[in-house]
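Hi everyone, thanks for coming. I'd like to walk you through a structure that may be new to you, so please have a look at it with me.

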Amino acid sequence: MAGSEDDGDVPVIEEVEPPRCGEASAERAEGADGAAGDGPDEELRKIEREKEGMSVTERLERSFLYKVEGNDLFKSGDVFRAADCYYRAVVYARDLMQNPQYYPKLGHTEAQRETARGLVESSFGNLALVQSKHALGLPEGPERERVLREGARSAGEALRINAANAKALYRRGLCRARLARAAAARSLAGGDGAELREARALCAEAREDLVSAARADEGAAGRDARAELRAVQDLAKSLRREELLRDKRGFSFQGSLGALQPEEEDLLGDGSVRRRQVLCAGDGARWFNEDWLLPTSRQRCVVHTRCHLLGGGGDAEPKTLAFTLGDSDMHEGIQVAVRALSKGGRSRFAIAERRLTSSTPLARRLSQVPTGESEWEVELLRFSVYEDRGGDGRELLKVFSEGYGRFPEELSECHLHWKVTGPDDSALYSSRCTVSVGGAGGIEQREDPDRAPFVYVLGETTWPPVATLCRALRQGGRAELRLKRAPALPDPDPGAPADAVGARLGAALGKGRAAAGGGGGLEDCAVLVELERVLPPAAGPAGDDWGGVAALVQERFRAEQLLERSEDAAALRRLRRACGWAQEALAGASGEASATAAEHAAMRATLAWALARRAAPILDLGTVSSDCVKAAEADLAEAEAHCAWLEEHHPGLAAVRLVRAKLLVARDDDFEGAHAELSEAQRLAPEDGRVQQELRAVRAALRSQREARGRERAAALREGLAAARAGGPGGAAAPGARELLAELAALELSWEAVTETRVGAEVRRLREASSDPEARRLCADILGRWVDQSREQRPLWES
C-alpha cells in the first residue's frame, strides 16, 4: 500500500522538494539571517544539521510548532510563509515515520512514529490547501498549472500515509479537475489529440478522488467534493463528445494501418487460427507475458473481451466475456486470438472447429459453435493481472488499494460494500443496489453511492469470499477476488441494514440472471469489496466499554446461536475469548464475582460440550486422515480438562453431567454410563433442551447396543440348546439344559431378533423332544411370550 508500511516491511521515506510557493519565504529568511547566497537547498541542510542535536521529543515539538505557525499565517493571508512553515514541519518529523524495529538509532517508539505520521499527513494536507488556494488566484497559464501540480503532489503525499483522508482526496481531486480544464481549453483551442487524452485522463483521476472524498466525509469536504464532482462529470461528457467528433472527421490512421496489414496472418502456423482483418489497432503496446501460462506461475492474467460470431444467425450477438488466459474452460482459438490483440484492438479471425471444442458453462456463454471453420470478430477491452492464491487458477486476488492501519482481526466489525459480477461483467449482486418498481420501465436497478455500508462480524456473519477479501485489506482498502465457483449468496444477507429491501430484490434478480446465463449459478464470477471501516473486536475487561456479566452472557448466547447453525469454529472462538474475559474479571476486584463465576462455569461447560460434539463424529469414522484424528483427540483432551475442572468446582451443574456423558460416548461408546449421567442431568434440569436431545439419542443408541448384544447371546444359547437336545434321549441327559432355558427366558429380545437368530425353532424342537417337565414348562413360557410379541408387532399373525 502506498504510504503505509507493514511492521514487517522496511519503509523508504522519499525526499520531497521544497514547495515553490515557499521560496519567497526562504529568501526572506536569508535576508533575516544575513546569509547571502543561501537557497532552499542550503536552508534544508541547515535544518538537517540542527536535527542532529535534537531529541525525538524536540523534533516532534518543533514540527508541531511549525504546523501551528503555518495555520496562523494562512489565516492571516500570508500563503508563502505558511507553505514554508508546513514544509519545515514535514522535514522535522518525516524521519520519525520510519519503523523503529528497523531504525533503532533514531531512538523513537511506535507511539512517536504514529505521532510523526499524523504531523506529516496533516502538514502535507495543509500544504496542498495553501498551494491550491494560491493557484486558483493566479491567471490561466503555465505558472498556475505548475502550482496545481504541486498541490496535487502534496495531497498525494498525505494520502500515501492515510488513503482515506477526505480533505486530501478533495484537494487532489480539485487540483486535477482544474488541470483537466486547462488541458481541455488547450485542446479545444487547436491542440492535438494528446492534450485531449490528457484532459480525459485527468478527469478520470479527479472523479475517482472526488467520489472517494464524498464517501469518506459527510461534512464540508464531502459537500465541496460533490459539487466539484458534478462539474468534472460535465467536463468529461463534453470531452467525450469532442473525441467522437474528431474521430468522425479525422483521418483514421488505425484504419489505414489495418489496410496495410497482410491479407491473413496465421497465428499458430497450421491455419487453424488466422487473422483476416485488423479493424482497430488498439494502443499497440506489448502486454502478453508467456509466464502467465506456466502451471507454476503465481500470477494470472484476466482479459475482458467482446466476441462476435459473424454470420451465426440470431444467437450470434456480440458477447462480452471475462476469462483467465490459459483456462481450459475457454476455447483455445478465442484465447489465441485475444493474445494477438493489443489493448483496445479489434480484428476478425477465422477459427477452425477443432480450436473451439470447450463445452463448459463459460464457453457456452458465447454463440453456439457451427460445424467447420467460423469467422469471429474479437476485441480486447482490457486486462488485469491477479495473484493466484491456490496455484490452480480457481481463486485469483487483486488488491487495488490495501488501505491503512492494521488488518482486521477475527470478530472485528467490518463496514463495507461488496459486489458480485458474472463473467459478462453484469452485476449479480450489489450492496449499493436499489430497485424501483413502477413506471414505464417496470423494475429498474441502479447503484446508490450514498447507501450506508453493510456491517459484518469477520469470521461469523461474513460470506466466505468477502471474508477472504477483508483479511487481505485494511480500512479504506479495495480488492477483487475472481472465483471459478463461489458458494451460494447469503439469503438473507446478515449484514444488510433494515432498509436494504432493494439489495435483496436485486440479489434475487441477479440469481435469475446467473441461471439464465447458463453459468449454473455463481461460476466464473468476481467479488469486489470496499472496506470502509473496521472496528476492532471487544477488548473485554480491559476495554472502556466492558459490560460486566451482561457482556459474558451476551457472548455465550451468541456462541450458542452459532452452535445451533453448526458454525462450530466461530462458536469456539467466541467461547474461548469469553472464558478469558471471565478469568480476567475474576482476577480483578469486582462486585459481581459470584455471578461472574457462575457464568464462567456455564461458558466452560458449553465449550467442553461443543469440543466433544465436534470430535465424536470424526473418531467414529474409520476413513479420516491421521491429522483429523489428532485434531479430534486434541479437542477431546481440552474438553476433558474443562470437565474435570467443572466436576471439581461446580459438581452440581446439570451441564457437567451433560459434558461427561458426551465424553463417555465419544471415547468409549459407553452408552450405559452416558445414560446414567444424562438421567441425573435431567433430574437437575428437567427443562434443558440440550439434555433432552442427548438423552433421546443415547437411549436409542443404548437400545441398539443392547439389541446387538442380545442377538449375539441368543445365537450362542441356540447352539447350546441344540447340543443339549442331541446329548441324550429327550434332551435330559445334557447337563445345564434348564440353565440355558432360564437364561433365555430372562433375555430381552425383539421379535426381529428372534426371527433372525431362529432360536424359537430350536426351543420348539427341544420342547417336543424333552421328557423333563421343568424344561418343557420353560420352553412353553418362552414360546408363549414370543407369540405375544409377534401379535403386538404383527396383529394378523394367527388370522
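Let me begin with a definition: helices and strands here are DSSP runs, helices being H or I with at least four residues and strands being E with at least two, and both are numbered from the N terminus. This is a predicted model, where local features need pLDDT of at least 70 and side-chain atom pairs count only at pLDDT 80 or more, while totals for chains, interfaces and linings use all residues. Residues are numbered from 1 along each chain as its sequence is written, and side-chain values use heavy atoms, with hydrogens and water left out.

Now the overall picture. The protein chain holds 25 helices and 14 strands. Of its 799 residues, 46% are buried, and buried means under 20% relative accessible area, with exposed over 50% and partly exposed in between, using a 1.4 Å probe and protein chains only. What about contacts, meaning heavy atoms within 4.5 Å? Among those in the protein chain with a separation of 6 or more, 71% are between residues 24 or more positions apart.

Let's move to helix 3. This helix runs over residues 56-76, and its 21 residues reach 31 Å from the first C-alpha to the last, close to the expected 30 Å. That expectation is 1.5 Å times one less than the number of residues.

Which residues of helix 3 are buried? They are Val56, Arg59, Leu60, Ser63, Tyr66, Lys67, Gly70 and Leu73. They cover an arc of only 150° around the axis, which puts them on the same side of helix 3; the arc is that of the directions from the helix axis to the C-beta atoms. After helix 3 comes Gly77, with a positive phi near 95°.

Helix 3 also has a partner. It packs with helix 5, residues 110-136, at an angle of about 25° and with the axes 11 Å apart. Axes here are lines fitted to C-alpha atoms, for helices over the stretch in contact, and angles run from 0 to 180 degrees between N-to-C directions. Helix 3 and helix 5 are therefore roughly parallel to each other; angles under 35 degrees count as roughly parallel, over 145 as roughly antiparallel, 65 to 115 as roughly perpendicular and the rest as oblique. The crossing of helix 3 past helix 5 is left-handed, a word used if the near helix is turned anticlockwise from the far one by less than a right angle, with clockwise being right-handed. Among the residues that meet are Leu60, Phe64 and Phe74 in helix 3 and Leu119, Leu129 and Val130 in helix 5.

Next, please find helix 15. Its 16 residues should span 22 Å at 1.5 Å a residue, and the end C-alpha atoms are 23 Å apart, which agrees. Its buried residues are Val549, Ala551, Leu552, Glu555, Arg558, Ala559, Leu562 and Leu563, and they pack against helix 16 (568-587) and helix 17.

How do helix 15 (residues 549-564) and helix 17 (residues 593-620) cross? Their axes come within 10 Å and cross at roughly 15°. That makes helix 15 roughly parallel to helix 17. The contact includes Val553, Arg556 and Glu560 of helix 15 and Met603, Trp609 and Arg613 of helix 17. Helix 15 passes helix 17 in a left-handed crossing.

Just after helix 15, Ser566 has a positive phi of about 65°. Most residues other than glycine have a negative phi. Two further residues are worth a look. Leu411, in the loop between strand 7 (395-401) and strand 8 (413-421), has a positive phi near 75° and is buried at 9% relative accessible area. Asp524, in strand 14 (residues 523-535), has a positive phi near 50° and is buried at 12%.

Glu50 sits in helix 2 (residues 40-52) and is partly exposed, at 36% relative accessible area. Leaving aside residues up to four places away in sequence, Glu50 touches Arg62 and Tyr92. Asp781, in helix 25 (residues 773-793), is partly exposed too, at 42% relative accessibility.

Methods:
Contact means heavy atoms within 4.5 Å.
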